[in-house]
Amino acid sequence: MTAATTKANRRAVRGFRTKLSAAMMLVVSAMTALGLYLAQRNVTANANRALERDFQTELSSLDKLQELRHAALAERCRALAAKPRIHAALEDNALDLLYPSAKDELRDLMEGQEPPSDQAASTLHAKFYRFLDGDGSVLPPPNAKEVGPLGATAEAQLAFKNLPQKQQVGYIWADDPALDTVNEVTAVPIFSTETGDVISALIVGFKPLEPGSKTTNAGMKSGIWVDGRLHFPSLSESAKTVLAGKLANLLANAGRGQNSSTIRVNSAVHLLFFKRLNPDSLFPPAYQICVYPLASWSTQLRRLRLRIGGAGALLLLGAFVASHFAAVRLSRPVEQLEIESEHDRAERARAEAALASTADELERSTRYSADASHQLKSPLTVLRAGLETLLAREDFKPEVYEELSGLLHQTHRLTGVIDDLLLLSRMDAGHLQIASEPVMLNPLLEEWLDDLEALPDAPEVTVEKDIASDLCVAGEKQYTSLIVQNLLENARKYNRPGGRIRILARKENKQIVLTIGNTGRPIERAAQRHIFERFRSVGDGAVSGHGLGLNLARDLARLHGGDLRLVRSENDWTEFEVRFRLMESKANRAA
Amino acid sequence: MRLRRLVWWGVILPLVPFSAFAEAIAEGIVQLPKSRSGPVISKRYEIVMNGATLSTQPPLAVVYLEGSFSKPASLPKKQVAQKDLAFLPPLLPVQVGTRVEFPNFDDTYHSIFSYSPAKRFDLGRYRPEERPIPSEVFDVSGLVTLRCDIHEHMRGLILVLNTPHFVITSPDGRFRLTGLPSGHYTLKAWIDSKTTREKPVDLKSGETVHVDFP
């Protein structure tokens, strides 16, 4: 049975260890997964943010370049308008002379090679320029070569219903569809220096500024959406069609302003940004379109995911080992506890068994002594009654009376022994309940001293007393009296002729200390240890005693919450000390 | 008979301007636009542009008799000088075929040109001591706007007319045209580049016709 229990316990401990390590691994896994999720989300958000920032940077740098260009053009036109020849041409209805007059002023716009795209903004190199007359129509140039060639349809796109009051940016398609070219045009009003009215406008056409020159984002592609058509040279036709469809949809819903989306181009996900290039322009709206392939970001993301996953796995492995050790370590006390508890259980079982048998024995012995007392008392009563009857007769010789009287005395002793035994057995069985009532010590002692003096065989002893008058013991009078009787009887019994008895009683803390000393032969040192044991009579054969008195007295004193001890027994002086609980009566307190 | 008459006219006509008794006279007042700059303090005139309309400021008008008059073989040279960075006079009426000189009285370059349909010319840059004095013959009637390529504010007007009979009004609009031939004509008053008023007149030799342009 014990082996089976041990086995079961081992299993339980092993189960505990497994559960502990499983829980720890679960925690580690959860944390890894959380970290993975957070990192991925972070990376994705970062990628989007970074790309968007790129796009915004591109566009803002584009805006700045455009602003620079516009400022330069505005200044150019202001200077131009101040030129008397331009004035003359415009005001004197000599528009045919406008282009020749402006030719010198605008020569640098058209001269030279087209600059590389990264310098396009600073060089102000134009592809063409045109003047508008006062009605907003394009003035036909006398020599298209000098002002840059432009198809008739494209030229028609430059016209306004009314001359613009401020600069306008527009994007127009070149005539030749095969060229797939979009030109950026800036219309700059020319104000009369006399009246301040807009008398004409200069429209300069440029190659559109291209974003992407400033950053190293190689994957970015950009194009322009204008007039419902997409100019995106870096994309294939099919991709353009897809993008154009998506854009038409997006722009119809988004209105103006910048927006973003994702799009699948060439079976790869791209981030798509678009922003109106010419807000508040009289020209048709045009949008800058930027497409970023997310491929590099997704590989980066994959790499990061792999790294985090690897780290997580490593962590998991480490955690597994650690948790195993930790579990072993943590479960060791539990195992120890288990072993100890098993040991403890056995001990306890043994102790309980011993206790039970002891209790049984005690019970048995108690019952036995009680039964024995009863069995003894009945014949004794009969015997005493018989003896008393005999003593009442008057027809016996005096020797017979003496003998009968002696026998009757013996029956009294026997009754005393039996009473003591009965009391002891009740105490042993724990049936004795001590009431706690005030017992005045002084009258009790007086009573017993009187009784003792009245005894026939009393030796000549002097009694010294020093007892405070108001000492009150907490206890039951019957048993307190028994203790006092026992001690006084002994003091008288074991005294020598002409000896003395000294009784002292005092208060000490919450106890009453009663000392009873007597002269007489002291108790042998070897016997002193055994005087409180049952049936150990202290005295020699000369003095009668059944050997239960001291034992009973001490047990009773202890039941009263006090004690009884031998103070000393030497040099013709034997002294006992009994302690009682002090009854804190109202009278005492008042005194 | 016809030939004799022709010869006679040929003798008489050149003498017409000088023979007062054979002439008709036209006089009157042209209602000039209100001066924008208030009462005239200095006598300095300038050409201003109001919208697309050129006029003198303070306002002046040119009154001339329209008709077909024979062109004289030679016409006296006229001058439009540049003085204190302005044309002087700012408004000059001339007969078709007149040569106008543009002397530079300033201490700086001027570059006088015109893009006007009646006369396009460009004298280029020249200094005050430029000789001969740069000049142009104005042989098409119409209004010619003079400009300087260097001084953009400079503006001058030459009104080229087909008639020898013209006069600039006084600042209050009064005019008096003398030595006019008798006959039925149209008297015109050029007020600004967009405004020319006209009235028919019957001129009789030795008589003065009063014509007002309201």
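Biologist: How many salt bridges does the rule find across the interface of chain B and chain A?

Modeller: This is a predicted model, in which local features need pLDDT of at least 70 and side-chain atom pairs count only at pLDDT 80 or more, while totals for chains, interfaces and linings use all residues. Residues are numbered from 1 along each chain as its sequence is written, chains are lettered from A and ligands numbered from 1 in the order in which they are written, and side-chain values use heavy atoms, with hydrogens and water left out. A salt bridge is a side-chain nitrogen of Lys or Arg within 4 Å of a carboxyl oxygen of Asp or Glu. Across the interface of chain B and chain A, the number found is two.

Biologist: With which residue does Arg85(A) form a salt bridge?

Modeller: Side chains of opposite charge can pair when their charged atoms come close. For Arg85(A), the closest N and O atoms of the bridge are 2.6 Å apart, and the partner is Asp149(B).

Biologist: Over the face of which ring does Arg85(A) lie?

Modeller: A charge sits over a ring if NZ of Lys or CZ of Arg is within 6 Å of the ring centre and within 35 degrees of the ring normal. Within chain B, Arg125(B) lies over the face of Tyr109(B), at 4.5 Å from the ring centre. Arg85(A) is at 4.6 Å from the centre of the ring whose face it lies over, that of Phe113(B).

Biologist: Why is helix α2 of chain A described as largely enclosed by the rest of the structure?

Modeller: Helices (H or I, at least four residues) and strands (E, at least two) are DSSP runs, numbered from the N terminus. Buried means under 20% relative accessible area, exposed over 50% and partly exposed in between, with a 1.4 Å probe and protein chains only. The buried residues of α2(A) include Arg85(A), His87(A) and Glu91(A). The helix, residues 84-91, is largely enclosed because the number of its eight residues that are buried is eight.

Biologist: What area is buried between chain B and chain A?

Modeller: The size of an interface is often given as the accessible area lost when the parts come together. Here buried area is the accessible area (1.4 Å probe) that two parts lose on being put together, summed over both. Contact means heavy atoms within 4.5 Å, and 15 residues of chain B are in contact with 15 residues of chain A. Carbon and sulfur atoms give 45% of the buried area, which is about 1,400 Å².

Biologist: Which element gives the most to the side of chain B that touches chain A?

Modeller: At least two residues of that side are supplied by each of β10 (110-116), β11 and β13 (142-148) of chain B. The most, with four residues, comes from β10(B).

Biologist: What geometry does the pair of Phe121(B) and Phe138(B) have?

Modeller: Rings of Phe, Tyr and Trp (its six-membered ring) pair if their centres lie within 6.5 Å; planes under 30 degrees apart count as stacked, over 60 as edge-to-face and the rest as tilted. By this rule there are 13 aromatic pairs over all chains. The centres of Phe121(B) and Phe138(B) are 5.8 Å apart and their planes lie at 85 degrees, so the pair is edge-to-face.

Biologist: How many residues apart in sequence are the parts tied together by Phe175(B) and Phe213(B)?

Modeller: Phe175(B) and Phe213(B) form a tilted aromatic pair, 6.2 Å centre to centre with 45 degrees between the planes. Both Phe175(B) and Phe213(B) are buried. Phe175(B) lies in strand β16 (residues 174-180) of chain B and Phe213(B) in the segment after β19 (208-210), so the separation in sequence is 38 residues.

Biologist: Is Arg579(A) buried or exposed?

Modeller: Arg579(A) forms a salt bridge with Glu508(A), the closest N and O atoms being 3.4 Å apart. Glu508(A) lies in strand β13 and Arg579(A) in strand β16 (residues 573-581) of chain A, so the pair ties together parts 71 residues apart in sequence. Glu508(A) counts as partly exposed at 27% relative accessibility. Arg579(A) has a relative accessible area of 19% and is therefore buried.

Biologist: Is Lys77(B) buried or exposed?

Modeller: Lys77(B) forms a salt bridge with Glu101(B), the closest N and O atoms being 3.6 Å apart. At 55% relative accessibility, Lys77(B) counts as exposed.
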